[in-house]
Amino acid sequence: MLICEFIVAIMGTVRPNDSEIVKGQIAFICFYIFFFASTWGPGAWVVVGESFPIPIRSRGVGLSTASNWV
């Protein structure tokens, strides 16, 4: 993901108004979204779901979700 961010930044800095560069940036942003959605994105939900003991898990997950959206 970090490499995709650097590539998008470098491409935009070197030739900011080239339509081919913009298409490449869009491609690397899509790669970034794919890698985020398959690694870091769901990871937080797994950690939150397993952090609380069973008797208070529903309340803990609810509060964690609310704080995440706020």
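Is Phe36 buried, exposed or partly exposed at 39% relative accessibility? In this predicted model, Phe36 comes out as partly exposed, given that 39% falls between the 20% and 50% cut-offs.

Phe36 has a ring partner in Tyr32: the ring centres sit 6.5 Å apart with the planes at 10°, so this pair is stacked. Both residues belong to helix α2, and being 4 residues apart puts about one helical turn between them. Tyr32 is partly exposed too, with a relative accessible area of 26%.

The structure holds 3 aromatic pairs. Another of them joins Phe28 and Phe31, whose planes meet at 80° with the ring centres 5.8 Å apart, so here the arrangement is edge-to-face. About one helical turn separates Phe28 from Phe31, as they are 3 residues apart in helix α2, which runs over residues 19-38. Phe28 has 24% relative accessibility and counts as partly exposed, and Phe31, at 43%, also counts as partly exposed.

As for the overall fold, the chain has 4 helices and 0 strands, giving the pattern α-α-α-α along the sequence. Its radius of gyration is 18 Å, whereas a compact globule of 70 residues would come in near 11 Å. The C-alpha trace spans about 55 × 20 × 15 Å along its principal axes. Of the contacts with a separation of 6 or more, 29% link residues 24 or more positions apart.

How values were computed
Residues are numbered from 1 along each chain as its sequence is written. This is a predicted model: local features need pLDDT of at least 70, side-chain atom pairs count only at pLDDT 80 or more; totals for chains, interfaces and linings use all residues. Side-chain values use heavy atoms; hydrogens and water are left out. Rings of Phe, Tyr and Trp (its six-membered ring) pair if their centres lie within 6.5 Å; planes under 30 degrees apart count as stacked, over 60 as edge-to-face and the rest as tilted. Helices (H or I, at least four residues) and strands (E, at least two) are DSSP runs, numbered from the N terminus. Buried means under 20% relative accessible area, exposed over 50%, partly exposed in between (1.4 Å probe, protein chains only). The radius of gyration is taken over C-alpha atoms; the globule rule is 2.2 Å times the number of residues to the power 0.38. Contact means heavy atoms within 4.5 Å.
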